[in-house]
Amino acid sequence: MGDNGLDSFLKVCNTLPNLSVLNFKCNEITAVGLKSLADFLQNCETPILKNLMELNLSYNSLGDSSCQSLANIMTHLPMLNTLSLSSCDFTAKLFQQHRISLMESLLNCQLQNLDVSHNQFGMLGIELLLKTINPVTMWSLNIGSTLTSAPQSYYLLHIQNFLSKEKCSLQDLNLSGCHLSTDHTDFLVSIPIAGKSLTSLNLSDNPKLDNSVVTRVLEVASTNNTHLEKITAEGCGIVSPLDTMFLDAISDKLMSDHSLKFISFTCRNLDKVDVDSLSQIWTEHWKDSAQIHISSCLVRLSVSST
């Protein structure tokens with residue numbers, strides 16, 4: 001589509017008053033096109049796209065000059081609850097100017113789901129992002145693959161503080177590909193406790209996270225009766241054989257008030273004993289609702305919706 005194609009769309013979008021989902025993913029749109037969209041929404045005499053609920057701008061090279069345009073777009077899309085900005089060439093410099101304007105627009109909108117994965121924000125950028133978004137309305141946050149190196153303690157503290165804020169509503173946190181390791185175990189086990197509303201945690205693509213980390217997260221989530229129900233650890237360092245502590249941690253979380261409903265992980269050298277043990281634990285608890293998918297090194301245990 002490109003910026004010119006976006007301009008063409010803007011000429012006809014007033015004929016789409018009921019449009020609820022708009023996907024511009026991977027269309028070679030730049031900061032120029034984004035500004036055109038922002039200016040158009042701002043200058044319309046009557047609200048346009050007032051029913052838009054989802055906007056996907058991922059995989060477009062928007063760059064760090066886009067902060068004010070994003071703020072203006074958020075201000076003029078009153079029903080927007082899902083915004084995807086994955087791989088848009090953002091860095092921490094996105095927040096150097098107009099961050100306050102963006103924060104104000106986010107505080108006054110209904111945004112619940114935000115994906116900023118695969119942008120090289122670094123630790124400073126994520127710190128500024130967490131200070132910008134509204135913890136009360138945010139349900140899902142994907143900050144996967146936003147770091148270029150292993151996180152330091154102050155970065156982890158900012159995530160804990162965000163989760164601990166009064167009335168924080170975050171339910172789904174994605175920390176995939178964030179260079180996490182066993183050195184960060186204490187931080188990871190604190191997440192379900194700090195995030196009182198958190199139900200889903202994604203730790204995938206952190207190859208230095210091993211069996212012991214997942215075990216501890218499940219143990220603490222069970223002992224403290226947290227709301228965590230889903231955990232994903234694909235592409236981590238889990239290996240077979242799965243010891244008794246790992247299997248018991250799954251079993252104990254199943255027996256807690258907020259039962260484990262989904263777990264997915266890859267496991268090197270997965271053997272038949274492990275497959276049988278996992279299947280037995282899951283089936284004994286969920287009976288006919290149990291969904292078991294084990295293929296090669298992938299284990300995915302879930303619950304049917306019916």
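1. Helix packing. Helix H9 (residues 244-255) and helix H10 (residues 272-286) pack at an angle of about 10°, and their axes lie 10 Å apart. Axes here are lines fitted to C-alpha atoms, for helices over the stretch in contact, and angles run from 0 to 180 degrees between N-to-C directions. H9 and H10 are therefore roughly parallel to each other; the term covers angles under 35 degrees. Helices (H or I, at least four residues) and strands (E, at least two) are DSSP runs, numbered from the N terminus.

2. Who touches whom. H9 contributes Leu 247, Ile 250, Ser 251, Leu 254 and Met 255 to this contact. H10 contributes Ser 277, Leu 278, Ile 281, Trp 282, His 285 and Trp 286. Contact means heavy atoms within 4.5 Å. By class, the contact of H9 with H10 has eight nonpolar, three polar and no charged residues. Ala, Val, Leu, Ile, Met, Phe, Trp, Tyr, Cys and Pro count as nonpolar, Asp, Glu, Lys and Arg as charged, and the others, Gly among them, as polar.

3. Basis of the model. This is a predicted model: local features need pLDDT of at least 70, side-chain atom pairs count only at pLDDT 80 or more, and totals for chains, interfaces and linings use all residues. Residues are numbered from 1 along each chain as its sequence is written, and side-chain values use heavy atoms, with hydrogens and water left out.

4. The whole structure has six salt bridges, each a side-chain nitrogen of Lys or Arg within 4 Å of a carboxyl oxygen of Asp or Glu. One of them joins Lys 35 to Asp 39, with the closest N and O atoms 2.7 Å apart. Lys 35 and Asp 39 are four residues apart in helix H2 (residues 31-43), so about one helical turn separates them. Lys 35 is partly exposed at 45% relative accessible area, and Asp 39 is partly exposed at 26%. Buried means under 20% relative accessible area, exposed over 50%, partly exposed in between (1.4 Å probe, protein chains only). Another salt bridge pairs Lys 131 with Glu 127 (3.1 Å, N to O). Lys 131 is partly exposed at 42%, whereas Glu 127 is buried at 14%.

5. A salt bridge between loops. Glu 229 bridges to Lys 261, the closest N and O atoms being 3.9 Å apart. The pair links distant parts of the chain, 32 residues apart. Glu 229 sits in the loop between helix H8 (211-223) and strand S8 (230-233), and Lys 261 in the loop between H9 and strand S9 (262-266).

6. The core. The largest nonpolar core holds 96 residues. Such a core is a set of buried Ala, Val, Leu, Ile, Met, Phe, Trp, Tyr and Cys residues joined through side-chain atoms within 4.5 Å. Leu 55, Leu 85, Leu 114, Leu 173, Leu 175 and Phe 265 touch the most other members. H8 supplies the largest share, six residues.

7. Backbone points to check. Most residues other than glycine have a negative phi, and most peptide bonds are trans. The peptide bond from Ser 240 to Pro 241 is cis, with omega near 5°. Pro 241 is in the loop between S8 and H9. Ser 87 has a positive phi of about 55°, and His 98 has one of about 70°. Ser 87 lies in the loop between strand S3 (82-84) and helix H4 (99-107); His 98 is also found between S3 and H4.

Terms used
Angles under 35 degrees count as roughly parallel, over 145 as roughly antiparallel, 65 to 115 as roughly perpendicular and the rest as oblique.
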